Amino acid sequence: MTRPFRFGASMIVPGPAEEWRAKCRRAEELGYDVILVPDHLGMVAPFPALVAAAEATERPRLGTFVLNAGFWNPALLAREVATTDALTGGRLELGLGTGYVQAEHDTAGLPYGSPGERVDHLRRTIEEVERLLGSPDLPHSRLRSSGGTPMPRPVQPRVPLMVGGNGDRMLRLTAEHADIAAFTGARPVPGDTAGKLLPITPEELDERVARYRDLAKGRVEPAELNLLLQLVVITDDPEAAVRPLVERVPDVTVEQALELPLVLAGTLEEITAKVLAQRERYGFSYLTVLEPYMEAFAPVVDRLRGR
(Lines give C-alpha, C1' and ligand atoms only; values in the text may rest on other atoms or scores of the structure.)
Protein backbone atom coordinates (compact mmCIF):
# COMPACT_ATOMS: atom_id res chain seq x y z
CA MET A 1 0.00 0.00 0.00
CA THR A 2 1.35 3.42 -0.97
CA ARG A 3 1.71 5.78 1.97
CA PRO A 4 0.71 9.43 1.55
CA PHE A 5 3.57 11.88 1.52
CA ARG A 6 4.97 13.60 4.59
CA PHE A 7 7.56 16.36 4.37
CA GLY A 8 10.11 17.45 6.94
CA ALA A 9 12.43 20.44 7.21
CA SER A 10 15.73 19.92 9.05
CA MET A 11 16.71 23.16 10.78
CA ILE A 12 20.52 23.29 10.70
CA VAL A 13 21.21 27.02 11.13
CA PRO A 14 21.34 28.35 14.72
CA GLY A 15 19.87 31.75 15.44
CA PRO A 16 18.47 34.05 18.14
CA ALA A 17 15.22 33.03 19.81
CA GLU A 18 12.81 35.07 17.71
CA GLU A 19 14.60 34.17 14.49
CA TRP A 20 14.35 30.50 15.44
CA ARG A 21 10.63 30.78 16.16
CA ALA A 22 10.03 32.75 12.96
CA LYS A 23 11.59 30.14 10.70
CA CYS A 24 9.68 27.37 12.47
CA ARG A 25 6.47 29.30 11.83
CA ARG A 26 7.56 29.70 8.22
CA ALA A 27 8.02 25.93 7.87
CA GLU A 28 4.47 25.48 9.12
CA GLU A 29 3.17 28.10 6.69
CA LEU A 30 4.89 26.31 3.80
CA GLY A 31 3.08 23.09 4.65
CA TYR A 32 5.86 21.02 6.19
CA ASP A 33 4.57 18.19 8.36
CA VAL A 34 7.62 17.84 10.59
CA ILE A 35 10.18 20.29 11.98
CA LEU A 36 13.44 18.48 12.64
CA VAL A 37 16.75 19.26 14.32
CA PRO A 38 20.10 17.43 13.97
CA ASP A 39 22.51 16.53 16.76
CA HIS A 40 25.85 18.11 15.91
CA LEU A 41 28.19 20.22 17.99
CA GLY A 42 27.93 23.84 16.87
CA MET A 43 24.21 23.49 16.11
CA VAL A 44 21.23 23.90 18.41
CA ALA A 45 20.68 21.58 21.36
CA PRO A 46 17.91 19.30 20.05
CA PHE A 47 15.33 19.12 22.83
CA PRO A 48 15.19 22.80 23.87
CA ALA A 49 15.02 23.76 20.20
CA LEU A 50 12.03 21.46 19.67
CA VAL A 51 10.21 22.86 22.69
CA ALA A 52 10.73 26.37 21.29
CA ALA A 53 9.47 25.18 17.89
CA ALA A 54 6.35 23.76 19.55
CA GLU A 55 5.63 27.07 21.25
CA ALA A 56 5.84 28.87 17.89
CA THR A 57 3.70 26.42 15.88
CA GLU A 58 0.49 24.42 16.15
CA ARG A 59 0.42 21.65 13.54
CA PRO A 60 3.85 20.17 12.68
CA ARG A 61 5.32 17.16 14.40
CA LEU A 62 8.75 17.71 15.97
CA GLY A 63 11.68 15.35 15.58
CA THR A 64 15.38 14.70 16.16
CA PHE A 65 17.17 13.97 12.90
CA VAL A 66 18.99 12.10 14.27
CA LEU A 67 20.53 11.93 17.72
CA ASN A 68 24.05 10.55 17.97
CA ALA A 69 23.56 7.65 20.38
CA GLY A 70 27.12 8.04 21.67
CA PHE A 71 26.23 11.47 23.08
CA TRP A 72 23.45 10.08 25.27
CA ASN A 73 23.00 7.99 28.39
CA PRO A 74 19.79 5.94 27.94
CA ALA A 75 18.21 6.87 31.28
CA LEU A 76 18.89 10.57 30.75
CA LEU A 77 17.67 10.33 27.17
CA ALA A 78 14.42 8.72 28.34
CA ARG A 79 13.92 11.67 30.69
CA GLU A 80 14.50 14.15 27.84
CA VAL A 81 12.09 12.30 25.56
CA ALA A 82 9.36 12.03 28.20
CA THR A 83 9.64 15.69 29.19
CA THR A 84 9.85 16.99 25.62
CA ASP A 85 6.86 14.94 24.51
CA ALA A 86 4.88 16.31 27.47
CA LEU A 87 5.93 19.91 26.82
CA THR A 88 5.13 19.68 23.10
CA GLY A 89 1.70 18.15 23.61
CA GLY A 90 2.59 14.75 22.23
CA ARG A 91 4.16 15.94 18.97
CA LEU A 92 7.62 14.40 19.40
CA GLU A 93 9.27 11.89 17.06
CA LEU A 94 12.57 10.41 18.25
CA GLY A 95 15.28 9.86 15.64
CA LEU A 96 18.40 7.90 16.62
CA GLY A 97 21.59 6.89 14.82
CA THR A 98 25.10 5.77 15.67
CA GLY A 99 26.77 9.08 14.82
CA TYR A 100 29.26 9.32 11.97
CA VAL A 101 31.47 12.33 12.85
CA GLN A 102 34.41 11.12 14.91
CA ALA A 103 35.75 14.66 15.39
CA GLU A 104 32.63 15.65 17.34
CA HIS A 105 33.02 12.73 19.72
CA ASP A 106 36.69 13.61 20.18
CA THR A 107 35.81 17.24 20.94
CA ALA A 108 33.18 16.14 23.46
CA GLY A 109 35.61 13.72 25.13
CA LEU A 110 33.36 10.77 24.29
CA PRO A 111 34.42 7.38 22.86
CA TYR A 112 33.74 6.87 19.18
CA GLY A 113 34.54 3.20 18.79
CA SER A 114 34.36 0.85 15.85
CA PRO A 115 31.28 0.60 13.62
CA GLY A 116 30.27 -2.58 15.43
CA GLU A 117 30.65 -0.96 18.84
CA ARG A 118 28.57 2.02 17.76
CA VAL A 119 25.75 -0.21 16.52
CA ASP A 120 25.89 -2.23 19.75
CA HIS A 121 25.60 0.97 21.78
CA LEU A 122 22.68 2.16 19.65
CA ARG A 123 20.89 -1.15 20.17
CA ARG A 124 21.35 -0.94 23.95
CA THR A 125 20.15 2.66 23.91
CA ILE A 126 17.02 1.86 21.90
CA GLU A 127 16.12 -1.14 24.01
CA GLU A 128 16.65 0.68 27.31
CA VAL A 129 14.78 3.81 26.25
CA GLU A 130 11.88 1.69 25.00
CA ARG A 131 11.86 -0.20 28.31
CA LEU A 132 11.92 2.99 30.38
CA LEU A 133 9.29 4.82 28.34
CA GLY A 134 7.05 1.77 28.39
CA SER A 135 7.31 1.36 32.15
CA PRO A 136 4.41 2.57 34.32
CA ASP A 137 7.01 3.89 36.74
CA LEU A 138 9.80 5.77 34.98
CA PRO A 139 12.78 6.25 37.31
CA HIS A 140 12.28 10.03 37.32
CA SER A 141 8.52 9.74 37.88
CA ARG A 142 9.17 8.90 41.53
CA LEU A 143 10.72 12.33 41.97
CA ARG A 144 8.31 15.03 43.01
CA SER A 145 8.33 18.74 42.55
CA SER A 146 7.94 20.95 45.64
CA GLY A 147 4.17 20.92 45.11
CA GLY A 148 4.05 17.13 45.04
CA THR A 149 3.18 16.90 41.31
CA PRO A 150 4.69 13.97 39.39
CA MET A 151 7.37 14.83 36.85
CA PRO A 152 6.23 14.86 33.17
CA ARG A 153 5.56 11.63 31.32
CA PRO A 154 5.14 11.14 27.57
CA VAL A 155 1.74 12.12 26.20
CA GLN A 156 1.90 9.54 23.42
CA PRO A 157 1.51 5.85 24.26
CA ARG A 158 4.54 5.33 22.02
CA VAL A 159 6.83 8.11 20.83
CA PRO A 160 7.49 7.18 17.16
CA LEU A 161 11.06 5.97 16.64
CA MET A 162 13.14 6.74 13.55
CA VAL A 163 16.42 4.91 13.02
CA GLY A 164 18.86 6.18 10.41
CA GLY A 165 21.49 4.06 8.68
CA ASN A 166 22.26 1.91 5.64
CA GLY A 167 24.51 -0.91 6.86
CA ASP A 168 23.28 -4.48 7.31
CA ARG A 169 23.33 -4.41 11.12
CA MET A 170 21.66 -1.01 11.16
CA LEU A 171 18.95 -2.20 8.79
CA ARG A 172 18.30 -5.23 11.01
CA LEU A 173 18.01 -2.96 14.05
CA THR A 174 15.69 -0.66 12.10
CA ALA A 175 13.53 -3.57 11.01
CA GLU A 176 13.21 -4.75 14.61
CA HIS A 177 12.44 -1.45 16.32
CA ALA A 178 11.78 1.56 14.08
CA ASP A 179 8.48 3.13 13.07
CA ILE A 180 10.42 5.16 10.49
CA ALA A 181 13.38 3.83 8.48
CA ALA A 182 15.64 6.69 7.40
CA PHE A 183 18.00 6.25 4.46
CA THR A 184 20.76 8.77 3.80
CA GLY A 185 21.48 8.16 0.13
CA ALA A 186 25.15 8.59 1.06
CA ARG A 187 27.96 6.82 2.88
CA PRO A 188 30.81 8.09 5.09
CA VAL A 189 34.22 8.40 3.46
CA PRO A 190 36.45 5.67 4.98
CA GLY A 191 39.06 7.13 7.32
CA ASP A 192 37.57 10.63 7.33
CA THR A 193 36.97 11.97 10.85
CA ALA A 194 35.05 15.13 9.88
CA GLY A 195 31.89 13.43 8.61
CA LYS A 196 32.43 13.75 4.86
CA LEU A 197 29.84 11.79 2.86
CA LEU A 198 29.74 10.45 -0.69
CA PRO A 199 26.44 9.79 -2.48
CA ILE A 200 25.42 6.26 -3.36
CA THR A 201 24.00 5.34 -6.75
CA PRO A 202 20.33 4.63 -7.42
CA GLU A 203 21.21 0.96 -7.88
CA GLU A 204 23.01 0.83 -4.52
CA LEU A 205 20.00 2.40 -2.84
CA ASP A 206 17.76 -0.16 -4.56
CA GLU A 207 19.82 -2.90 -2.95
CA ARG A 208 19.79 -1.29 0.51
CA VAL A 209 16.01 -0.78 0.48
CA ALA A 210 15.50 -4.34 -0.77
CA ARG A 211 17.71 -5.61 2.04
CA TYR A 212 15.68 -3.69 4.59
CA ARG A 213 12.41 -5.02 3.18
CA ASP A 214 13.72 -8.57 3.42
CA LEU A 215 14.71 -8.04 7.07
CA ALA A 216 11.36 -6.40 7.85
CA LYS A 217 9.07 -8.84 6.05
CA GLY A 218 7.80 -10.32 9.33
CA ARG A 219 6.59 -6.99 10.69
CA VAL A 220 2.91 -6.51 11.41
CA GLU A 221 3.06 -2.78 10.60
CA PRO A 222 5.42 -1.68 7.80
CA ALA A 223 7.70 1.22 8.66
CA GLU A 224 7.51 4.59 6.94
CA LEU A 225 10.53 5.10 4.66
CA ASN A 226 12.39 8.40 4.82
CA LEU A 227 15.01 9.95 2.55
CA LEU A 228 17.12 13.03 3.26
CA LEU A 229 17.41 15.28 0.20
CA GLN A 230 20.75 17.08 -0.02
CA LEU A 231 20.07 19.46 -2.93
CA VAL A 232 16.86 21.01 -4.25
CA VAL A 233 16.96 23.57 -7.08
CA ILE A 234 14.00 24.52 -9.28
CA THR A 235 15.61 25.62 -12.52
CA ASP A 236 15.53 25.38 -16.29
CA ASP A 237 19.26 24.57 -16.22
CA PRO A 238 19.67 21.54 -13.92
CA GLU A 239 23.15 20.78 -15.28
CA ALA A 240 24.45 24.09 -13.93
CA ALA A 241 22.76 23.44 -10.58
CA VAL A 242 24.66 20.19 -9.98
CA ARG A 243 28.09 21.21 -11.27
CA PRO A 244 29.28 22.39 -7.82
CA LEU A 245 28.36 18.93 -6.47
CA VAL A 246 30.20 17.21 -9.31
CA GLU A 247 33.31 19.26 -8.56
CA ARG A 248 33.31 17.97 -4.97
CA VAL A 249 32.55 14.32 -5.68
CA PRO A 250 35.14 12.28 -7.59
CA ASP A 251 34.11 10.16 -10.57
CA VAL A 252 30.53 11.49 -10.78
CA THR A 253 29.38 13.05 -14.04
CA VAL A 254 26.72 15.73 -14.40
CA GLU A 255 24.34 13.14 -15.83
CA GLN A 256 24.97 10.77 -12.92
CA ALA A 257 24.52 13.58 -10.38
CA LEU A 258 21.09 14.40 -11.79
CA GLU A 259 20.06 10.76 -11.27
CA LEU A 260 21.11 10.65 -7.61
CA PRO A 261 18.11 10.04 -5.32
CA LEU A 262 19.22 12.79 -2.93
CA VAL A 263 19.36 15.44 -5.69
CA LEU A 264 16.33 17.26 -7.08
CA ALA A 265 17.21 19.71 -9.84
CA GLY A 266 14.97 20.74 -12.72
CA THR A 267 11.64 22.38 -13.37
CA LEU A 268 8.84 22.07 -10.85
CA GLU A 269 7.16 19.49 -13.08
CA GLU A 270 10.38 17.45 -13.43
CA ILE A 271 11.08 17.48 -9.70
CA THR A 272 7.51 16.54 -8.82
CA ALA A 273 7.68 13.66 -11.28
CA LYS A 274 10.98 12.45 -9.79
CA VAL A 275 9.57 12.52 -6.25
CA LEU A 276 6.59 10.44 -7.36
CA ALA A 277 8.86 8.05 -9.26
CA GLN A 278 11.11 7.57 -6.25
CA ARG A 279 8.15 6.74 -4.05
CA GLU A 280 7.12 4.13 -6.61
CA ARG A 281 10.66 2.76 -6.95
CA TYR A 282 11.92 2.82 -3.36
CA GLY A 283 8.87 3.51 -1.21
CA PHE A 284 10.04 6.89 0.10
CA SER A 285 6.91 8.69 1.26
CA TYR A 286 8.57 10.81 3.98
CA LEU A 287 11.06 13.30 2.53
CA THR A 288 13.30 15.62 4.52
CA VAL A 289 15.00 18.71 3.11
CA LEU A 290 17.78 20.69 4.70
CA GLU A 291 16.84 24.17 5.88
CA PRO A 292 18.61 26.04 3.01
CA TYR A 293 16.25 24.30 0.55
CA MET A 294 13.05 24.67 2.57
CA GLU A 295 11.69 27.50 0.41
CA ALA A 296 12.79 25.92 -2.87
CA PHE A 297 11.03 22.64 -2.06
CA ALA A 298 7.82 24.29 -0.84
CA PRO A 299 6.08 24.30 -4.29
CA VAL A 300 6.62 20.51 -4.46
CA VAL A 301 5.14 20.15 -0.97
CA ASP A 302 2.15 22.17 -2.10
CA ARG A 303 1.61 20.01 -5.20
CA LEU A 304 1.96 16.69 -3.41
CA ARG A 305 0.22 17.42 -0.12
CA GLY A 306 -2.34 14.71 0.59
CA ARG A 307 -1.21 12.45 -2.28
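Helix 10 and helix 11 touch in this predicted model. From helix 10 come L268, E269, I271, T272, V275 and L276. Helix 11 answers with F297, P299, V300, R303 and L304. These contact residues split into eight nonpolar, one polar and two charged.

How do the two helices cross, right-handed or left-handed? The crossing of helix 10 and helix 11 is right-handed. Their axes come within 10 Å and cross at roughly 60 degrees. Helix 10 and helix 11 are therefore oblique to each other.

Helix 5 and helix 6 form another pair in contact. Helix 5 brings G116, V119, D120, L122, R123, I126, E127 and E130. Helix 6 brings R169, M170, L173, E176 and H177. By class, five residues of this contact are nonpolar, two are polar and six are charged. An angle under 35 degrees counts as roughly parallel. The axes of helix 5 and helix 6 cross at roughly 10 degrees, so the two helices are roughly parallel to each other.

| Helix pair | Residue ranges | Axes come within | Crossing angle |
|---|---|---|---|
| Helix 10 and helix 11 | 268-282 and 294-304 | 10 Å | roughly 60 degrees |
| Helix 5 and helix 6 | 115-134 and 168-177 | 10 Å | roughly 10 degrees |

Helix 10 also has a part in a pocket. The second largest pocket has a volume of about 430 Å³. It is lined by 16 residues, and M1, R3, R213, P222 and A223 are the closest to its centre. Which elements give two or more residues to this lining? They are helix 7 (202-215) and helix 10. The lining holds six nonpolar, three polar and seven charged residues.

How values were computed: Residues numbered from 1 in each chain as written. Predicted model: local features only at pLDDT ≥ 70, side-chain atom pairs only at ≥ 80, totals over all residues. Heavy atoms only, no water. Axes fitted to C-alpha atoms, helices over the stretch in contact; angles between N-to-C directions. Helix = DSSP H or I, 4+ residues; strand = E, 2+ residues; numbered from the N terminus. Parallel < 35°, antiparallel > 145°, perpendicular 65-115°, else oblique. Left-handed = near helix turned anticlockwise from the far one by under 90°. Contact = heavy atoms within 4.5 Å. Nonpolar A, V, L, I, M, F, W, Y, C, P; charged D, E, K, R; others polar. 1 Å grid on protein atoms, 1.4 Å probe; cavity = no way out; pocket = protein on both sides within 12 Å on 5 of 7 lines; lining within 4 Å. Points joined across faces, edges and corners; volume = space filled by probe spheres on them.
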